[in-house]
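I opened the notebook with the sequence and the model side by side, and wrote down each thing I looked up in turn.

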Amino acid sequence: MRTIAILFLAVVAGLFGAAIFNTANMTPVFEAFLGRTNNYAKCSGVTDEAEQYLCFGLPQQAAWLFAERGDAAKARAVLADMESVLRGKPVKVEKFNSGAAYSFKLHFKNGAIGLFKTYDSDRFCHDCTSAREVAAYKIDQWLGLNLVPLTIEYTADLSSVPRCVYALPKIRNSASGNDYSQCKNIKGSLQYWIESAYTAQNLGYDDSDKSQKLRLLDAILGSTDRHEKNWMISGKYQTIEVAIDNSRTFRHAKQFYTVNPIYQKVEYFTCWQRQLDKICNSPSATCSATTLKSYMDKYRSASEADIRTLLGPFTPAADVSSFLAVRPIIVSRFDHNLNLFNSPLPMDYCPDPPRKL
Ligand SMILES: Nc1ncnc2c1ncn2[C@@H]1O[C@H](COP(=O)(O)OP(=O)(O)OP(=O)(O)O)[C@@H](O)[C@H]1O
Ligand SMILES: [Mg+2]
């Protein structure tokens, strides 16, 4: 009898929740996420979208929405809570099997996850340190773009991961490569894991679907790796864009393509000039470079000292210098495009690949 009553209550709560959350309007991604939670009853009275995210355990989405509405204090409070969760003791640490980076998933007791990348995590780009993940977050927050998930400097204890030594190349190659106690104080970055998000690739999106904000972020960061698995979409209405995997940034001087010596094929990077030029490339009245003005104004007017303070000692000096050096070039190109969109500037930083290899 008691079981029947509980079942009945669960069904009623589910139906009630479904009515309040108006599942008809929701994206399949968000609905699938709700299906995995049992928060319907708890959250059924919540009608505000940002509060719903909080209630369902999606604090990053909530923080971004609060910030977008101008409620900076609330956004900051949510981010502070998220950071204190990440600063707590993980209940489980596991190797995360991904592509270029040596990364680990840290699970915390309320179900939150952080993606840890070791400082020198990129197998193929040795200056692409995890310091850039942190710097990208700081720049995103400073400009108010709200695309990069909370990312902090972090020292991880990975000694509970089976065969941890083998996941850490420098330790593996050292003389005492079998000493697992060496996995205890590993420096790197920790990024809040965004639940209920799909990669652009999963959703069939391509470069043409990127928002102007994402293009501006990538131009400013000098991202060379914003392919469709490195940006994601989330939110009840699939409107929240997420920029992940930001270690291949601060690369304004990098060429747009490289020739793979083994396969003799051209491999493309994303390139800041092309992203910037796509922001305002038509005379259309809806050209939204003007709506990006507030971010640009912050970017152009900050003093060098402010930028140095923002990036802090964790960011390598060479990255800070190149970030400062490229700023006037980006600003003048943005201004040119805004006023003279029909006289394109040369792609000096992102040349076309050779016709013949
Ligand atoms: N903060 C995050 N929130 C949610 N999912 C994430 C997050 N960071 C990474 N992911 C997921 O994990 C995948 C791999 O992560 P990431 O791109 O950082 O690693 P990588 O080793 O550099 O991969 P690749 O070489 O394929 O670019 C992403 O494509 C995405 O699906
Ligand atoms: Mg990636």
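How many residues has helix α13, and how far does helix α13 reach from its first C-alpha to its last? I find 23 residues (317-339) and a reach of 34 Å, close to the 33 Å expected at 1.5 Å a residue, where the expected span is 1.5 Å times one less than the number of residues. I am working from a predicted model, in which local features need pLDDT of at least 70 and side-chain atom pairs count only at pLDDT 80 or more, while totals for chains, interfaces and linings use all residues. I number residues from 1 along each chain as its sequence is written, with chains lettered from A and ligands numbered from 1 in the order in which they are written. Helices (H or I, at least four residues) and strands (E, at least two) are DSSP runs, numbered from the N terminus.

**Helix α13.** I noted a kink of about 35° at Arg327, shortly before Pro328; the bend is the angle between axes fitted to the seven residues ending there and the seven starting there. The buried residues of α13 are Phe323, Ile330, Phe334 and Asn337, buried meaning that 20 or more other C-beta atoms lie within 10 Å of a residue's own, with C-beta atoms placed from the backbone. I see them pack against α9, α10, α11 and α12.

**Helix α5.** I then turned to α5 (59-68), where nine of the 10 residues are buried, among them Trp64, Leu65 and Phe66. Their cover includes α4, α6, β5, β7 and β8. Just after α5, Gly70 takes a positive phi of about 90°.

**The sheet.** I traced an open sheet of three strands in the order β6-β7-β8, with antiparallel pairing; two strands pair if DSSP finds at least two bridges between them. Because β6 (197-199) and β8 (240-243) each have a single partner strand, they stand at the edges and one side of each is left without a neighbour in the sheet. Four bridges join β7 (231-234) to β8, and the partner of Trp231 in β8 is Ala243.

**Asp225.** Is Asp225 buried or exposed? I count Asp225 as buried because it has 20 C-beta neighbours inside 10 Å, although it lies in the loop between α9 and β7. Leaving aside neighbours within four places in sequence, Asp225 is in contact (C-beta atoms, placed from the backbone, within 7 Å) with Asn230, Asp245, Arg248, Phe269 and Thr270. I also noted that the C-alpha atoms of Asp225 and Ser247, 22 residues apart along the chain, are separated by 8.6 Å.

How values were computed
A residue is buried if 20 or more other C-beta atoms lie within 10 Å of its own, exposed if 12 or fewer, and partly exposed in between; C-beta atoms are placed from the backbone. Two residues are in contact if their C-beta atoms, placed from the backbone, lie within 7 Å.
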